[in-house]
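Morning, everyone. Please take a look at the structure on the screen, and then I'll walk you through it.

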Amino acid sequence: MDKLLRILSENSSFTPAQLARMLGEPEDYIKAQIKAYEDSGVIRGYRAVVNWDNVPDSGVQALIELKVAPQQQKGFDEIAERIMGFDEVESVSLMAGSYDLLLTVKGETIQDVSSFVAKKLAALDGILSTATHFMLKRYKDNGVALVDTEASTDGREMVV
């Protein structure tokens, strides 16, 4: 994988000057690479990893497994596109295994998410079944620890 993409995927707050120093490349080259990645759709956006457990009234999040009847000539793409259109849906992934699609859904309350599943999602043509799992606590997200652990506070991970 491209070193620039790896660094940006782990921390997108580095400036082009910092990235240039880290990679031993001219800053103009780094700026051009980033622009090319953005223009081609490789980089789709930038965001902070937020520990929502520490934000009052941040709502609830659920993972929803869907079994779906794929459509001829379109497979799972058309139903995934319809699901992506719902404001409650944060992510949609095609999976291999006992279910077809995995959704991340956010709502103000458990009842909001439950209502979304019952009234909007399950009612779509092609949805065979759903399984909803409410997130109670996140320990790590996108490679970032969201809780302080004994190992992260006592320095043992620094021993070589």
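Start with two strands. β1 (residues 60-68) and β4 (residues 127-134) pair in the antiparallel sense, over 7 bridges. Pairing here needs at least two DSSP bridges between the strands. Strands are DSSP runs of E of at least two residues, helices are runs of H or I of at least four, and both are numbered from the N terminus.

A word on the source. This is a predicted model, where local features need pLDDT of at least 70, side-chain atom pairs count only at pLDDT 80 or more, and totals for chains, interfaces and linings use all residues. Residues are numbered from 1 along each chain as its sequence is written, and side-chain values use heavy atoms, with hydrogens and water left out.

Back to β1 and β4. Leu63 has His133 in β4 as its bridge partner.

Now β3. β1 also pairs with β3, antiparallel again, over 7 bridges. There, Glu65 stands opposite Leu102.

What order do the strands of the open sheet take? The order is β2-β3-β1-β4, 4 strands with antiparallel pairing. β2 and β4 stand at the edges with a single partner strand each, so one side of each has no neighbour in the sheet. From one strand to the next, the twist averages 20°. Helix α4 (residues 77-84) packs on the sheet and touches β1, β2, β3 and β4. Contact means heavy atoms within 4.5 Å. The direction of α4 makes about 170° with that of β2. Axes are lines fitted to C-alpha atoms, for helices over the stretch in contact, and angles run from 0 to 180 degrees between N-to-C directions.

Next, domains. There are two: domain 1 (3-40) and domain 2 (58-137). The bounds come from an automatic or database domain assignment. Their C-alpha centres lie 34 Å apart.

On to pockets. A pocket is an open set of points on a 1 Å grid over the protein atoms alone, for a 1.4 Å probe, with protein on both sides within 12 Å along at least five of seven lines; lining residues have an atom within 4 Å of a point.

The largest pocket has a volume of about 880 Å³, that is, the space filled by probe spheres set on grid points joined across faces, edges and corners. Its lining has 27 residues, and Arg47, Ala48, Val49, Asp141 and Asn142 lie nearest the centre. α1 (3-10), β2 (89-94) and β3 (101-107) each supply at least two. α1 gives the most, with 4 residues.

Where does the largest pocket lie? Both domain 1 and domain 2 give residues to its lining, so it lies between them.

The second largest pocket is about 150 Å³ in volume. Its lining includes Trp52, Lys106 and Arg138.
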